[in-house]
Amino acid sequence: MTRESQSYNRLWSIVMTIISVLYMYPIFMVLINSLKQESAISTGTAFELPTEETFAGLANYENAISTQGFLSSLFFTTFITVTSVIAILLFCSMFAWYITRVNTKVTRALYLLCAFSMVVPFQMVMFTLSSMADSLNLNTPWVLWIIYLGFGAGLAVFMFCGFMRSVPIDIEEASMIDGCNPLQTYFHIVVPLLRPTMVSVAILEAMWIWNDYLLPTLILDINKYRTISMLIQFFRGSYGRVEMGPMMACIMLAILPIIIIYLIGQKYIIKGVVAGAVKG
Amino acid sequence: MAFVSLKHVEKVYPSTDGKHRHGEKKSNLKVTKEGVLAVEDFNLEIKDREFIVLVGPSGCGKSTTLRMVAGLEEITRGEIYIDDRLVNDVPPKDRDIAMVFQSYALYPHMTVRGNMEFPLKLHKVPKDEIKKRVEQAASILGITEYLDRKPKALSGGQRQRVAIGRAIVREPKVLLMDEPLSNLDAKLRNQMRAEIIKLRQRIDTTFIYVTHDQTEAMTLGDRIVIMKDGVIQQIGTPQEVFDHPKNQFVAGFIGVPQMNFYDARLLRAADGSYKVELQGTYIVPSEEKQEALRKNDAEAQDIVLGVRPEHIALLGDGKDMLHGTVEVAEMMGSAVHLHVNACGRESIIIAQTMSFEGKLPGSFAIGSPISFTFGGNVIHMFSKDGNNLEA
């Protein structure tokens, strides 16, 4: 490596480090404030590290969990995320397999429709969706996965199709000759082949659904069902008073599971996103 | 083991781009109102335990035919029988066949053992029987030590053995092989070819083998089906198609190096005898060939004369010799392949590097003149439209 390229790399590392710190800064701020007493957050010391006088320990976390029904929100969020991700993985991988292998005008149109759904912003359809969900009784956490399946299908189908195109059809034909019916081919052959893409789709979709605020707020009955993202706003009391400590703790508790899932599965995201891009 | 019967089988791919109209040709394939005719009126009776080879250039319809037997392609017209059972609408899994693919098509997430057990598990074969059959097949193919490895940890030759193993554990009625050796290097291909010959002797099944390599076809097949543009050109034993090619395409396709062709004229004397004029020299066909020509009542006409390179003799200057110039001399070790410009065409002549008496031939310097001849018993006479006048 030449001296020129070494100094270029060093400069690049410094720039990227600064950008990373900027990205991490808000999360770091939430973390340190979640460990401070209420008075220390709302005054000018919000940007300082906790001192002996301002350190609150895990009191804010206890408060966040014990009030406002955190545990039921955690349950609803987990339930919605898990059911939606399972539905997206199952239906979208089957759909992608079909439209990749059956090349007709209809399947090509369906693929384009899925790709198009990725570019339509949610805000454009949210009010019609909200009234439609009410009329179809889709406004409970138990069936919210149907709506998430629709919104998550674009990215999932796009990624699954990208991978499926790189898988030789011979393998599926061999399984058909070996004695598989289409469902057996899907579960015994296609699903194991799709596993890396499935993990990356699952992580990307889980991150989105877990953190989503707008869709559940519009669809669900806010007095009955609250996801964690919805719950956070209930730490805002009357007359503009905000319980900042518990709110910060709640934010930390909300983002913690998804960060852990991301860290465990991040290597699959790279694999899954680039799958099919190059000949393997 | 079973017999397979294909009756008037045709495959039409609907023209999706709308560019090809009825009567046009796409890569020499006929285009009908329905679309591109990939396989046309295919008729073949395959006997029990026979090893049949479908051979032809790329796009001739050989793989399509095999895939129709496998049930991976729908049949547009015609009937396919395995034993006495019409299988046109029977799904692949219920045809009692197994197939070896060119790309091996192993299941990458399963071990070698898993790959071989998979079809047996699907057919609910008892566990003990599965174990026995897998170990037996692995032992035949010499892959016992790789049973617990994944396919990615195997070489090309080993993977192909596993693919064959997965097919034979089923003990299928018909074993289909779609260019199974094309992905292997030359040395391994020769080795695997010998393995397939041995395997064939050990298992009782009917083989249908597809290849574009005429050497594989000649060495493996009991009978060869030569195809071109979706149409069968000739069906016969390797020796039959080599000695009596039905047309110029078969003559040129079978044999390495390929047959030399010259523009010549067939002459018929008043007494009914024939001779061939080539560049002022006359070749008298053998009595057998004369008889065949008489039987077909062949007229005097311009013909294409075919001679195999190994049937040409370099005899120095003499009567009725043909003359040419050496353009390329390829040293093959035991022989030299001479590319000679003669009679207005490039011809290939095989010259042995050492004669039977141990004499070395003269040098074949590029540009040097060369004289050669061939007898009337080794010539093949084709009409201008390619049909063998003796057939």
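Q: How is the packing of helix α4 (residues 70–101) of chain A and helix α9 (residues 182–211) of chain A to be read, and at roughly what angle do their axes cross?

A: Two packed helices are described by the angle between their axes and the distance between the axes. In this predicted model, the axes of helices α4 and α9 of chain A come within 9 Å and cross at roughly 140°. Angles over 145 degrees would count as roughly antiparallel; α4(A) and α9(A) are therefore oblique to each other.

Q: In which hand does α4(A) pass α9(A), left or right?

A: The crossing of α4(A) past α9(A) is right-handed.

Q: Which residues make the contact, and into which classes do they divide?

A: From α4(A), the contact is made by A:Thr77, A:Ile80, A:Thr81, A:Ser84, A:Val85, A:Ile88, A:Leu89, A:Ser93, A:Met94 and A:Trp97. From α9(A), the partners include A:Tyr186, A:Val190, A:Leu194, A:Met198 and A:Trp210. The residues of this contact divide into 15 nonpolar, four polar and one charged.

Q: What can be said of helix α2 (residues 112–122) of chain B and helix α4 (residues 156–168) of chain B, which also pack?

A: The general idea again applies: angle and distance describe the pair. Here the angle is about 25°, and the axes are 8 Å apart. Angles under 35 degrees count as roughly parallel, so α2(B) is roughly parallel to α4(B). α2(B) passes α4(B) in a right-handed crossing.

Q: Which residues of α2(B) and α4(B) meet?

A: B:Val112, B:Asn115, B:Met116 and B:Pro119 in α2(B) meet B:Val162, B:Gly165 and B:Arg166 in α4(B). By class, this contact of α2(B) with α4(B) has four nonpolar, two polar and one charged residues.

Q: How many residues of chain A are in contact with chain B, and which elements of chain A take part?

A: The size of an interface is often given as the accessible area lost when the parts come together. For this model, the description is by residues in contact: 13 residues of chain A touch 16 residues of chain B. On the side of chain A, the elements that give two or more residues are α8 (169–178) and α9. The largest share, seven residues, comes from α8(A). By class, this side of chain A has nine nonpolar, one polar and three charged residues.

Q: What confidence does the prediction carry, and where in chain B is confidence lowest and highest?

A: The model scores ipTM 0.84 and pTM 0.81. Chain B averages a pLDDT of 88, and 94% of its residues score at least 70. Within chain B, confidence is lowest in strand β2 (residues 25–26), at a mean of 51. Confidence in chain B is highest in strand β5 (residues 51–55), at 96.

How values were computed
Residues are numbered from 1 along each chain as its sequence is written. Chains are lettered from A and ligands numbered from 1 in the order in which they are written. This is a predicted model: local features need pLDDT of at least 70, side-chain atom pairs count only at pLDDT 80 or more; totals for chains, interfaces and linings use all residues. Axes are lines fitted to C-alpha atoms, for helices over the stretch in contact, and angles run from 0 to 180 degrees between N-to-C directions. Helices (H or I, at least four residues) and strands (E, at least two) are DSSP runs, numbered from the N terminus. Angles under 35 degrees count as roughly parallel, over 145 as roughly antiparallel, 65 to 115 as roughly perpendicular and the rest as oblique. A crossing is left-handed if the near helix is turned anticlockwise from the far one by less than a right angle, and right-handed if clockwise. Two residues are in contact if their C-beta atoms, placed from the backbone, lie within 7 Å. Ala, Val, Leu, Ile, Met, Phe, Trp, Tyr, Cys and Pro count as nonpolar, Asp, Glu, Lys and Arg as charged, and the others, Gly among them, as polar. pLDDT is the predictor's confidence in each residue, from 0 to 100.
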